[in-house]
Amino acid sequence: MAKNHSAANRGPFNAVISANKQIGQRFYRLSLGFESAGAKAFAKLKPGQFAQLDLADTPLPPSKDIPEDLVDAARRKILLRRPFSFSDVINKDRKTLVDILYRVVGPATLRMTTLSAGDSVNIIGPLGNGFWVPRGKKQALLVTGGMGAGPLLHLAKVLTADHHGIEAIAFAGAKTEKELPFEGQLDEISQELGFSLAEFARYGVESLVATDDGSAGFAGPVTDCFSEWLGRAGLAGKDMIIYSCGPEQMLAKVAEIAEKRNIDCQLSMERMMACGIGICQSCAVECKVNGSSETVYKMCCEDGPVFDAKEIVFSS
Ligand SMILES: Cc1cc2nc3c(=O)[nH]c(=O)nc-3n(C[C@H](O)[C@H](O)[C@H](O)COP(=O)(O)OP(=O)(O)OC[C@H]3O[C@@H](n4cnc5c(N)ncnc54)[C@H](O)[C@@H]3O)c2cc1C
Ligand code: FES
């Protein structure tokens, strides 16, 4: 995988917010637009690539809107940029518009909720490698957990637009129905046809939902739903490719399923990232060295965040 080494192509750029819509209890979709050099750099953004947002000067919401469990965290200063991947990219009239799906978990994401149309945010990116599509695959299986949905929505769009001949199906999991980071309702007929989620359906991609508490779709982990589906599908492993993004425990299970069934698999890994550009070494991912018992540490920001599942050493 070629690394994204060209410093000139990754800014920093200023992006202007066009919308910041709340889509769930703590979920938002931030839409931003780039012009000139920023538009050029982000026009070819690959699904799974990410960017570092500077949110240091973005104000906090009023104290009445800060969830109780984040009151202490809200007081923390934002010293470092924060990494986010993208759920959509649209090129229009020399502008590049991108969407970020985000969940409010701490001081930076709390601040993000106060961004509104016309505000600008400073961004370094695109960073990292992104997902890639090997030749000869007939079916892409997209397995998402929680906020991992963003880059896989972008991938669904790219696969269906650019790689005719590959069918995609998505498996989306969350703890509860309320924690599924999707919007849009589908009519009953679409649901019966297997199009559970409107956001995948608009690319013609079927989807299955799984919730840990059974409040929507399959009751149980999305990996169980995925495994059952694979058992029924009877497709040859070599024709398929799995793409997955979500919590590490889920990724470990997806890697196990892929290995057992001999299916190629790419995982988007998450690490705390200080610099995002390969300097600070804070984002190490332990990887196997081909054909030996040795391991090496690769940088999630520069060597990833997408890795071949066979490489990763998961801590049990
Ligand atoms: C490549 C990449 C892409 C990402 N894409 C998205 C996205 O599309 N949408 C989204 O909502 N979030 C995404 N994240 C996670 C996002 O960067 C964090 O949620 C954000 O930095 C949290 O900042 P905060 O100040 O609000 O909370 P913090 O106080 O920094 O963190 C809150 C809690 O989340 C944990 N946490 C924060 N960042 C990470 C991380 N990178 N890995 C593991 N645990 C973490 C912390 O340990 C802490 O418990 C991505 C992360 C990476 C590395
Ligand atoms: S975040 Fe600094 S090296 Fe990866």
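This report describes the domains, strand pairing, nonpolar core and ligand surroundings of a predicted model.

## Domain organisation

The domain assignment divides the protein chain into domain 1 (9-127), domain 2 (139-268) and domain 3 (271-316). Between the C-alpha centres of domain 1 and domain 3 the distance is 25 Å. Eight residues from domain 1 and seven residues from domain 3 take part in the contact between them.

On the side of domain 1 that touches domain 3, the elements giving two or more residues are β3 (50-54) and β7 (120-127). By class, this side of domain 1 has five nonpolar, two polar and one charged residues.

## Strand pairing around β1

Strand β1 (residues 13-22) pairs with two strands described here, β2 and β7. With strand β2 (residues 27-34), β1 runs in the antiparallel sense, and six bridges link the two. Gln22 has Tyr28 as its bridge partner in β2. The two strands β1 and β2 make up a hairpin, with four residues between them.

The pairing of β1 with β7 is also antiparallel and rests on four bridges. Here Ala15 has Val121 of β7 as its bridge partner.

## The largest nonpolar core

In soluble globular proteins, nonpolar side chains tend to be buried together. In this model, the largest nonpolar core contains 83 residues. Those with the most contacts inside this core are Leu142, Ala156, Ala170, Phe171, Ile242 and Val254.

Leaving aside residues up to four places away in sequence, Ala156 touches Leu142, Ala168, Ala170, Phe200, Tyr203 and Val205. Among these partners, Leu142 and Ala170 are also listed with the residues that have the most contacts inside the core.

## Surroundings of ligand 1

Ligand 1 is surrounded by 22 residues, of which the closest are Arg82, Tyr102, Gly106, Ala108 and Thr109. The elements that contribute two or more residues to this shell are β4 (82-85), β6 (95-103) and α3 (107-112). In terms of class, the shell consists of 14 nonpolar, four polar and four charged residues.

Domain 1 (9-127) and domain 3 (271-316) each supply at least three residues to the shell around ligand 1.

How values were computed:
Residues numbered from 1 in each chain as written. Chains lettered and ligands numbered in written order. Predicted model: local features only at pLDDT ≥ 70, side-chain atom pairs only at ≥ 80, totals over all residues. Core = buried A, V, L, I, M, F, W, Y, C linked by C-beta atoms within 7 Å. Buried ≥ 20, exposed ≤ 12 C-beta atoms within 10 Å, placed from the backbone. Contact = placed C-beta atoms within 7 Å. Near = placed C-beta within 6 Å. Nonpolar A, V, L, I, M, F, W, Y, C, P; charged D, E, K, R; others polar. Domains from an automatic or database assignment. Pairing = 2+ DSSP bridges.
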